[in-house]
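Good morning, everyone; please have a look at the chain on the screen before I take you through a few parts of its architecture.

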Amino acid sequence: MAKISSINPTTGKVISEVEMHTDEQVSRMLKKSAETFREWKRTDISERNELLKKFAELLRKNKGEYGKLITTEMGKVMKQAVPEVAKCATMFDYFADNAEKLLEPEPAEEGACDQMIHYEPMGTVLAIKPWNYPFWQVLSAAAHVLAGGNVMLLKHSSYVPLCALEIENIFLEAGFPEGVFQTMIVDGKTASSLISRKEVKAVSFTGGYDAGQKVAELAAHNMKKFVLELGGSDPFIILDDANVEMAAKVGVPSRFINTGQTCIAAKRFIVMEEVAEEFTEKFVEETLNLKVGDPMDPETDIGPMVRNEQMLVLEDQVKDAISKGANPLVPGGRMASQGYMYSPTVLTGVTRDMKVMTEETFGPVAPIITVKTEDEAIELANDSEFGLGASVWSQERDRAMRVASELETGMVGVNSFCTPQACLPFGGVKKSGMGRELSRHGFLEFMNIKSLKLM
């Protein structure tokens, strides 16, 4: 039977081998999902909400244990892995507290008859999720999918099979009926083939653009609803009246959180020349203060990257920048140690033709580019195929809001960096994807919005 290796990126050694599900097992899971949906959608909302609350309680109770699993399997430092789990609990509480209100029928405009808008679940949602936030990426979709009365089949990244299986175990421990949430250990080809199956009604995908495009094509061909979150190359704009010290203090974790392996992280630092020298100096100072090493150490800020192949892509992007004239002010790079350690790198003298500006840099590399005017900053920020998030720094609120309104993104942080919140829609434009997760907008993505006219 085929297996997937779970590897500890800190050591590069195999933790365990996980057997992949056979085609026959997958078919049984699909059938179970469809059968369970018929009962789950009829379950009283108060019962569903109670289960969501129990799930949140388990996450809080065992956040240390689950955080350790995340750290072991994908390398996230413990000081970030445990809060990831805790944040998932908060999100489940949000949808437990708000699902009933979100599902209330909505009266339409008055007329000669009663007219209502009802929100009804679609059925089985296939979730294809990445490794970088092993719990959050899955649960940020599952919370509102399940709260609305849908059920979910998970195809998680092959890098985190143990996390994938543990998430299903937590749902069962919380008391969710078997079949409401199931984890499939399969390869990408098998997952793609499931989109055409009649049991699957919609797809929630987070990952790279190329894979997302294929998912969209398959879903469209089979007339299935889909939501895509495909990464970003987020600009972090420092205007000439910004609080430069604060921008640097926030900018460093915004870039290097999760060892830089975050879709919503700051990836292009666009600084007006009046404050460029000061910002760069403070940014470098903050970067050099980061502790790189064992992710299990509660003081560590930067752990390993998830795999060697991810490091190779990052090394190519940095090499391209230096060959075109970029200055490695903080050289960083691959470390001589076990596993996949890569020290933070800061590049100045960056130009817009470099890969670190045109591609998504998924690792601890920070490119800094200088501009002369506010308009140039906006133009450069929008000169990207991506449009997920952005950050604008100015001590003049109206100015910051004006710049924010010009940015082609799904999210903007003013004097802050973007972080997902249950009450706000999460998603982007352009090649960053389509559709939303979280909030009322994400909740309704996988609901049938039914018009009801009563004479």
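Predicted model: local features only at pLDDT ≥ 70, side-chain atom pairs only at ≥ 80, totals over all residues.

What covers the buried residues of helix 3? The cover includes strand 1 (3-8), strand 2 (13-19), helix 2 (45-61), helix 4 (78-102) and helix 6 (161-174), where contact means heavy atoms within 4.5 Å, and buried means under 20% relative accessible area with a 1.4 Å probe and protein chains only. Residues are numbered from 1 along each chain as its sequence is written, and side-chain values use heavy atoms, with hydrogens and water left out.

The buried residues of helix 3 are Tyr66, Gly67, Leu69, Ile70, Thr71, Glu73 and Met74, and just after this helix Gly75 takes a positive phi of about 90 degrees. Helices (H or I, at least four residues) and strands (E, at least two) are DSSP runs, numbered from the N terminus, and the chain has 15 helices and 22 strands.

Turning to another pair, Glu374, Ile378 and Asn382 in helix 13 meet Arg399, Arg402, Val403 and Glu406 in helix 14. By class, that contact has 2 nonpolar, 1 polar and 4 charged residues, where Ala, Val, Leu, Ile, Met, Phe, Trp, Tyr, Cys and Pro count as nonpolar, Asp, Glu, Lys and Arg as charged, and the others, Gly among them, as polar.

For the chain as a whole, 56% of the 455 residues count as buried, and the C-alpha trace spans about 65 × 60 × 40 Å along its principal axes.

Key. Buried < 20%, exposed > 50% of the residue type's maximum accessible area, 1.4 Å probe, protein only.
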